[in-house]
Amino acid sequence: MMSPVLSIIVPIYNVEKYISYFLDSLLFQIQKDIEVVFINDGSTDSSLEILNKKVNDYKNENLIVYNQENKGVSEARNSGLLISKGEYVTFVDPDDTVSDDYIETIMGDIITGKDIYIYNARRMKEDGELQEIIHVHSDGNDSNKSIFSEFKNGYWFLWSRVFKKKLFNQMSFPEGQRYEDLILVPKLTIKANSNEYRNKSIVNYRSSSNSITRVPDVDDVNTLVMACEDINSDDNHSLRVDGNYLKELYFITLIKTLIFVSVKVYGYRKSYALLKKVKKDTWPKVRTGRFVGVKNLMIIKYTLVYYFIHFAKRY
């Protein structure tokens, strides 16, 4: 097999209900310079059986199935990174589907050699009906405005991005934690030297009532607090000129999520004390003095007011 240009990493765990739809949307597009690495993370249903049958039908050596005991999605993705050989890497979840021109779009873009490519997506109902577009970014070029918009919007969907694999050197998905996209993707973006934003939807994201944000727990709170504390750690350095400003915006993104999760877990009084401590410990270290917008400054100053405005009436 020739060395692949693109590796697509797919963690598999108990998705028998959806995996056939996903495979049918992807496998017919695979070319000789693309590999797909399926990590079966100890599935206990018929997911692996369905996967093996589809892969065998295609008889393509670029379709790799790796089995491991159940360790969680982060460790499955890390296993995929170790196995994959592509210059570029992307991740897709098997309960979603991809567009008919998924491969064509990505392969046509990565010839420009950017570090990260960012795409839009389509929401998809449980029954597969496509809905509105998820606009991951607001600009269509590689500009500071685009990068700042990305951090302000806070859409850190892993499946909407294609990365140069070298960005993962000395970086990996946090094992045993949720919100892994929110923790790792901003760090990779800060580390990258160049991004390209594409106004193109290439993934159909299946909305699920089992979203982790609907059932947060204490471990989720602790994960987000540690992520805030980790912003200025030695392994989270920046190669960008505006890296410190991006860290400031990243902290605001984390605080937004922490507001929602902590109130759900602890209630208002304890959440207020926790958020006050996190802001006191971290905000002075990341603040650059640049204008981050009135809304973001209000979030920092009046944290629980933001919760009441944006979340309290929805849930």
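Student: Why is helix α6 described as largely enclosed by the rest of the structure?

Tutor: In this predicted model, twelve of the twelve residues of α6 are buried, so the helix is largely enclosed by the rest of the structure. Buried here means under 20% relative accessible area. Among these buried residues are Glu180, Asp181, Lys187 and Lys191, together with Leu182, Ile183 and Leu184.

Student: How do you know that the length of α6 agrees with its number of residues?

Tutor: Helix α6 covers residues 180–191, and at 1.5 Å a residue its twelve residues should span 16 Å. The end C-alpha atoms of α6 are 17 Å apart, which agrees.

Student: Which elements does the chain contain, and how much of the chain is buried?

Tutor: The chain has eleven helices and nine strands. Of its 315 residues, 53% are buried. Among contacts with a separation of 6 or more, 80% join residues 24 or more positions apart.

Student: Why do residues three or four places apart point the same way in an α-helix?

Tutor: An α-helix has 3.6 residues a turn, so residues at such a spacing point the same way.

Student: What makes serine 47 and serine 7 count as buried?

Tutor: Buried requires a relative accessible area under 20%. Serine 47, in helix α2, has 0% and is therefore buried. Leaving aside neighbours within four places in sequence, serine 47 is in contact with Ile12, Asn14, Val15, Glu16 and Ile19. Serine 7, in strand β1, likewise has 0% and is therefore buried. With neighbours within four places in sequence left aside, the contacts of serine 7 include Glu35, Ser84 and Tyr88.

Student: Why is arginine 290 called partly exposed?

Tutor: Arginine 290 has a relative accessibility of 39%, so it counts as partly exposed. Arginine 290 sits in the loop between α9 and α10 (294–301). Arginine 290 and glutamate 248 are 42 residues apart in sequence, and their C-alpha atoms are 9.3 Å apart in space.

Student: How do you know how α7 is oriented relative to α9?

Tutor: Helix α7 (residues 218–229) and helix α9 (residues 268–286) pack at an angle of about 20 degrees, with their axes 10 Å apart. Angles under 35 degrees count as roughly parallel, and α7 is therefore roughly parallel to α9. Val221, Val225, Cys228 and Glu229 of α7 make the contact with Leu274, Val278 and Thr282 of α9. The crossing of the two helices is right-handed.

Technical notes: Residues are numbered from 1 along each chain as its sequence is written. This is a predicted model: local features need pLDDT of at least 70, side-chain atom pairs count only at pLDDT 80 or more; totals for chains, interfaces and linings use all residues. Side-chain values use heavy atoms; hydrogens and water are left out. Axes are lines fitted to C-alpha atoms, for helices over the stretch in contact, and angles run from 0 to 180 degrees between N-to-C directions. Helices (H or I, at least four residues) and strands (E, at least two) are DSSP runs, numbered from the N terminus. Angles under 35 degrees count as roughly parallel, over 145 as roughly antiparallel, 65 to 115 as roughly perpendicular and the rest as oblique. A crossing is left-handed if the near helix is turned anticlockwise from the far one by less than a right angle, and right-handed if clockwise. Contact means heavy atoms within 4.5 Å. Buried means under 20% relative accessible area, exposed over 50%, partly exposed in between (1.4 Å probe, protein chains only). The expected span of a helix is 1.5 Å times one less than its number of residues.
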